[in-house]
Amino acid sequence: MIRIHKPKIAPKKLTTDGKQKCKSHCDAYSLNPSAYETNQEKFDFASSIYAHESVKEALIKAQHQKCCFCERIIGKNGDVEHFRPKGAYQQAKGEPLKYPAYYWLAYQWENLYLSCPSCNSRHKKNLFPLQDPTKRATNHNQRITKENPLFIDCGKEDPQEFIGFRAEYAYAIDGNPKGKITIDYLDLNSEDLTESRRQKLNSLRELSKILSSAIENSDNQEWQKIADELKVYLAEALADSAEFAAANRCAIYAEFQESDLI
């Protein structure tokens, strides 16, 4: 995960149709709160608004076509993910769903990200653990500012303060709970994901070795040409747009020493 910088101005679809739809949800809840709290009534969320083409395109651009959680390149194949779930929520895996969730944030720009189907539908789903569940906002009259989520909000926080990498494996820096929960609940060390990171890091490690050899041959113009090209390639691997940029940065800045310990 890396920090995501979305445009401060939300897509117009959210500030117009989304705003109206949000008001209708809030009005409906206020008329009969118990019906929504017992799931007898459900909100008719409009994916045509929160996942509108203009919204998705803005997220794809801001996230460099990557999943906000696992950093896989997904292009246009991602889902529009609600950081705070809109319909129902769970404090922890295995617990029953609770209703309603954060219905009033269903069309809020700050609550939306682009996620791969695996992270969104298989792992995160309705999970939204808080450090203190008694401070959870359960309707639109309560404030989410009292909450301390145990998922990293990559639009507001720098994930690299919470999650580091030893080669292809993510770990919670100093065992912090936010990093640990995010890694565990989103399965950021799944076999397929670590294998993809391993292949990427192996490639970077070999290129780094070639670069070292090129630098040692400073009198050879051909070697220096190769060195210049490799420096550009390795710099690109550090950029926000690079797949698995967070793992790449840890490996390159550590000169692959951590990788050798695995």
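Which residues are exposed on the other side of H8? I looked this up to get started, and found Gln-221 and Lys-225 exposed there. A reminder to myself: this is a predicted model.

**Entry 1: the whole chain**

I stepped back for the overall picture. I count 10 helices and 4 strands in the chain. Reading along the sequence, I get the pattern α-α-α-α-β-β-α-β-β-α-α-α-α-α. The C-alpha atoms fill a box of roughly 80 × 35 × 30 Å along the principal axes. The chain has 262 residues, and 45% of them count as buried. I also checked the contacts with a separation of 6 or more: 68% of them come from residues 24 or more positions apart.

**Entry 2: helix H8**

Back to H8, which covers residues 221-238. The helix has 18 residues and runs 26 Å from its first C-alpha to its last, close to the 26 Å expected at 1.5 Å a residue. At its N-terminal end I found a cap: a side-chain oxygen of Asn-220 lies 2.8 Å from the backbone nitrogen of Glu-222.

Next I went for the buried residues of H8, and noted Ala-227, Leu-230, Leu-234 and Ala-237. Looking down the axis of H8, I see these buried residues fall within an arc of 80 degrees, so they line one face of the helix. What covers them? I found that the cover includes helix H7 (191-216) and H9.

**Entry 3: how H8 meets H9**

I then looked at how H8 and H9 sit against each other. Their axes come within 7 Å and cross at roughly 130 degrees. H8 and H9 are therefore oblique to each other. On the H8 side, the contact is made by Leu-234, Ala-237 and Leu-238. On the H9 side I listed Ala-245, Asn-248, Arg-249, Ile-252 and Tyr-253. Leu-234 and Ala-237 were already in my list of buried residues in H8.

Is Arg-249 buried or exposed? I had to check, and Arg-249 counts as buried because its relative accessibility is 11%, with the cut-off for buried at under 20%. Arg-249 belongs to helix H9, residues 245-253. Its side chain reaches the backbone oxygen of Leu-238 at 2.7 Å. Leaving out residues up to four places away in sequence, I find Arg-249 touching Ile-2, Gln-160, Leu-238, Ala-239 and Asp-240.

Tyr-253 is also in H9, but I noted this one as exposed, because its relative accessible area is 61% and exposed means over 50%. I followed Tyr-253 back to Leu-238 as well: the two are 15 residues apart along the chain, and their C-alpha atoms are separated by 9.6 Å.

Last, I went through the loops. Phe-256 sits in the loop between H9 and helix H10 (257-261). Its phi is near 65 degrees, a positive value in a residue other than glycine. Phe-256 counts as buried, at 6% relative accessibility.

I found a positive phi at His-64 too, near 55 degrees. His-64 is in the loop between helix H4 (53-62) and S1. I put His-64 down as partly exposed, with a relative accessible area of 33%.

Where is the cis peptide bond? I found it joining Tyr-99 and Pro-100, with omega about -20 degrees. Pro-100 lies in the loop between strand S1 (79-82) and strand S2 (112-115).

Technical notes. Residues numbered from 1 in each chain as written. Predicted model: local features only at pLDDT ≥ 70, side-chain atom pairs only at ≥ 80, totals over all residues. Heavy atoms only, no water. Helix = DSSP H or I, 4+ residues; strand = E, 2+ residues; numbered from the N terminus. Buried < 20%, exposed > 50% of the residue type's maximum accessible area, 1.4 Å probe, protein only. Polar contact = N/O pair within 3.5 Å; in protein donor to acceptor, adjacent residues only side chain to side chain. Contact = heavy atoms within 4.5 Å. Expected span 1.5 Å × (residues − 1). Arc of directions from axis to C-beta. Axes fitted to C-alpha atoms, helices over the stretch in contact; angles between N-to-C directions. Parallel < 35°, antiparallel > 145°, perpendicular 65-115°, else oblique.
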